[in-house]
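Please open the model in your viewer and keep the sequence panel beside it. The tour below moves from one selection to the next and says what is to be found at each stop.

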There are 2 protein chains.
Amino acid sequence: LPAGFTAAGVKAAIKTNGLEDVTIVAGDADCAAAVVTTRNQVFGEPVRYVRQILPKGHGTVRAMVVNSGCSNVATGKGGFTDAREMAARTAKLLGSSPAKVLVASTGIIGHRLPMEKIRRGIDAAAKALSRDNDMAALRGIMTTDTREKYAVVQTRIGGRQVTLGGMVKGSGMIAPSMATMIGVVTTDAAIGSAALHKALLAAVGVSFNAITVDSDTSTSDTVAVLASGAAGNAPIKPGTREYAALAAALAEVCSALARAVVIDGEGATKLITVSVRGARSDAEARVAAGSVANSPLFKCAVHGGDPNWGRIVCALGKSAAKVDPARLRVKIGSHAVFSRGMPVAFDVKALEKHLAAKEVLVEADLGLGKGASAVLTCDLSREYIAINADYHT
Amino acid sequence: LPAGFTAAGVKAAIKTNGLEDVTIVAGDADCAAAVVTTRNQVFGEPVRYVRQILPKGHGTVRAMVVNSGCSNVATGKGGFTDAREMAARTAKLLGSSPAKVLVASTGIIGHRLPMEKIRRGIDAAAKALSRDNDMAALRGIMTTDTREKYAVVQTRIGGRQVTLGGMVKGSGMIAPSMATMIGVVTTDAAIGSAALHKALLAAVGVSFNAITVDSDTSTSDTVAVLASGAAGNAPIKPGTREYAALAAALAEVCSALARAVVIDGEGATKLITVSVRGARSDAEARVAAGSVANSPLFKCAVHGGDPNWGRIVCALGKSAAKVDPARLRVKIGSHAVFSRGMPVAFDVKALEKHLAAKEVLVEADLGLGKGASAVLTCDLSREYIAINADYHT
């Protein structure tokens with residue numbers, strides 16, 4: 001935890017696995033904060049509450065309260081009241097106001113929160129707030145995640161050491177072009193909330209918005225960053241070298257968290273980077289890379305270690321991005337497999353060795369312009385089916 | 001086979017399973033013909049050849065030659081020469097011209113056709129052409145298909161009985177919004193090729209373009225219809241009652257074939273209809289239905305028999321179509337599960353019984369307008385992964 005924050009995660013029996021399920025991350029005093037939420041048109045009541053208290057996506061925040069085990073989505077006005085009560089109860093215990101407490105919930109859709117358990121959990125978490133409970137706080141936001149996912153970056157800004165710490169949950173219902181999942185980043189940097197929001201939007205674009213596990217976009221996606229200012233640097237202004245340093249550090253934290261989400265993707269055994277350049281624009285490069293990263297046939301081929309470049313070329317061709325086979329080049333790892341409309345003879349044994357590793361790289365050069373982008377994804381395995389077909393609501 | 005056609009399918013040892021792999025469907029004389037091909041920007045050389053001889057998508061055609069086992073995609077100028085040779089050889093044996101023979105190939109991407117086998121196959125198929133070989137002809141176009149898929153519709157037009165017969169291959173790399181897979185429809189109706197093309201475009205819109213197995217669009221998609229005129233009806237003109245009857249019959253054949261493709265989808269155990277109404281437009285209804293039909297989480301839930309309506313609502317919400325949860329209603333089978341932002345209590349046992357059946361119906365009313373559309377899909381099973389991860393190029 002960067003300076004100026006405490007955290008806690010407690011067991012409130014909302015999740016059936018007996019692990020932590022109510023988390024509070026609190027500033028010692030008011031923080032500058034920025035938040036990005038899901039673009040899904042069906043969104044949770046906690047998302048509605050956060051948009052109400054931070055209509056511009058940034059402002060002054062004292063704390064964030066999160067529960068796992070129930071997402072409070074599709075619960076109507078009663079659900080909104082519950083979200084607001086979570087904020088109000090947390091605020092009262094911290095001596096703050098409901099409008100300064102962010103709320104997020106994750107878990108099953110369509111069920112009201114068990115408010116008696118939530119209230120007891122919030123009371124216990126507020127009492128347990130400390131500098132040492134960050135891992136329990138992280139477990140308190142997890143659902144189907146199989147591992148704790150966090151990242152810490154330190155950098156010098158304005159002569160001061162600045163720390164950014166981030167945690168994230170998510171392994172299924174993960175899609176690109178959205179602020180994905182629940183992520184909380186804290187920093188001791190001093191920065192205004194508008195500048196922080198600008199940096200967060202940029203960081204999300206190259207991290208959470210550039211990953212996909214299964215092309216499905218969650219109703220609860222929320223990423224928040226809280227800045228305490230405890231590092232003692234002069235407040236960071238947009239357009240300065242200091243802003244660039246903080247934005248780079250924030251992008252680094254978010255990218256590490258996003259990568260951890262894909263590695264922990266449901267059923268995933270491999271991390272796949274699909275990198276496209278030579279597109280007419282960066283946006284078209286993202287679309288083309290996403291088309292490959294979301295192709296179930298491609299993801300199955302990587303799972304099976306099959307150098308099936310035909311599925312890559314096919315997925316590029318079906319995308320909304322302009323693709324001309326006569327200019328297209330494709331590499332898997334360091335091996336050229338397709339060039340300007342024709343297959344390239346490759347060393348099958350060496351390519352299969354690359355595909356057998358934990359990380360697989362696909363590079364496509366569309367040969368049409370200077371647009372470039374990359375999307376991270378994972379392979380598609382029987383285990384994904386098992387997790388999502390055998391799970392019952 | 002409708003009157004005026006013969007067909008044959010022969011074993012030329014292109015496929016390793018020893019089944020038929022070269023097929024010819026021939027008119028006794030020249031036919032009016034219409035064709036729709038893939039929208040994938042990476043398309044096969046046979047598709048390039050067909051677009052060259054029928055630049056408007058319709059014209060006069062004598063026959064169609066198809067091979068399975070190798071798709072002749074990403075094979076460059078040599079591949080185009082091979083496709084043209086297939087047409088020329090077939091034309092010569094039938095006493096026709098290369099510009100009147102359609103060509104399609106299906107199978108692995110990136111390999112040149114084994115032309116010695118193809119030539120022997122075409123020679124043998126031309127000799128075997130008869131009224132009785134239609135099932136062998138159908139087997140000659142199949143790849144991973146596990147069953148023969150065909151449909152026959154008869155109707156009276158202009159006082160004459162008119163027959164339409166169709167066959168199709170395809171079970172993976174099947175996506176909506178495209179003319180999908182290889183399909184051949186023959187009819188003895190008398191109709192001009194431009195009118196036939198118009199009817200085919202309409203039929204494809206409600207059939208092949210309204211299905212998805214795995215969201216991946218093939219590079220070889222081709223649907224052709226050939227009309228011999230042997231039924232003896234007065235040639236059908238657009239805008240007449242006769243045209244409407246033929247268009248309806250053609251849509252019926254294409255829909256039956258499209259449905260058969262989904263039922264035979266790789267790893268499929270259930271046929272799922274996602275029907276959306278109340279959208280702002282038919283196009284938005286199609287987008288919303290497609291978003292559900294392509295959601296791996298939804299497809300896994302149906303596979304597991306789980307009444308997980310949250311995944312349906314989530315997939316609708318992430319789509320590019322306008323969705324307002326406060327107006328949205330969702331039914332699974334005859335059971336309302338979601339209405340205007342809130343869950344609806346349902347009979348779990350009865351709903352699980354519906355989900356345990358071979359056919360599952362999902363209906364969503366967006367409550368925003370009069371747009372309606374339906375998309376057919378199948379569930380997502382471990383068997384899909386097995387087929388596509390264990391398959392090696």
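**The two copies and their axis**

Begin with both chains displayed: a rotation of 180° with 0.0 Å of shift along its axis superposes chain A on chain B, with an RMSD of 0.1 Å, the superposition being by least squares on the C-alpha atoms of residues with pLDDT of at least 70 in both copies. The two copies are therefore related as by a two-fold rotation axis. To place that axis on screen, select A:Arg382, whose C-alpha is the one in chain A nearest the axis, at 2.5 Å from it. The same surface serves both copies, since 100% of the contact residues of chain A recur in chain B, where contact means heavy atoms within 4.5 Å.

This is a predicted model, in which local features need pLDDT of at least 70 and side-chain atom pairs count only at pLDDT 80 or more, while totals for chains, interfaces and linings use all residues. Residues are numbered from 1 along each chain as its sequence is written, chains are lettered from A and ligands numbered from 1 in the order in which they are written, and side-chain values use heavy atoms, with hydrogens and water left out.

**Two serines in loops**

Select A:Ser381 next, in the loop between β15 (371-378) and α11 (382-390) of chain A; helices (H or I, at least four residues) and strands (E, at least two) are DSSP runs, numbered from the N terminus. A:Ser381 has a relative accessible area of 3% and is therefore buried, the classes being buried under 20%, exposed over 50% and partly exposed in between, with a 1.4 Å probe and protein chains only. Apart from neighbours within four places in sequence, A:Ser381 is in contact with A:Gly267, A:His303 and, from chain B, B:Ile385.

Now go to B:Ser295, in the loop between α7 (282-293) and α8 (296-303) of chain B, which counts as buried because its relative accessibility is 0%. A polar atom of its side chain lies 3.0 Å from the backbone nitrogen of B:Phe298.

**Salt bridges**

A search of the whole structure finds 24 salt bridges over all chains, each a side-chain nitrogen of Lys or Arg within 4 Å of a carboxyl oxygen of Asp or Glu. Select A:Glu20 and A:Arg139, whose closest N and O atoms are 3.1 Å apart. This pair links distant parts of the chain, 119 residues apart: A:Glu20 is in the loop between β1 (5-10) and β2 (22-37), and A:Arg139 is in helix α4 (residues 134-139). A:Glu20 is buried at 8% relative accessibility, whereas A:Arg139 is partly exposed at 25%.

The salt bridge of A:Lys100 with A:Asp30 has its closest N and O atoms 2.7 Å apart. It joins the loop between α2 (76-94) and β4 (101-108), where A:Lys100 lies, to A:Asp30 in strand β2, 70 residues apart. A:Lys100 is partly exposed at 26%, and A:Asp30 is partly exposed at 36%.

In helix α3 (residues 115-128), A:Glu116 and A:Arg120 are four residues apart and so separated by about one helical turn; their side chains meet in a salt bridge of 3.7 Å, N to O.

**A last stop in strand β5**

Finish at A:Val152 in strand β5 (residues 149-157) of chain A, which is exposed at 55% relative accessibility.

Terms used: A polar contact is a pair of N or O atoms within 3.5 Å; within protein, one must be able to donate a hydrogen and the other to accept it, and residues adjacent in sequence count only if both atoms are side-chain atoms.
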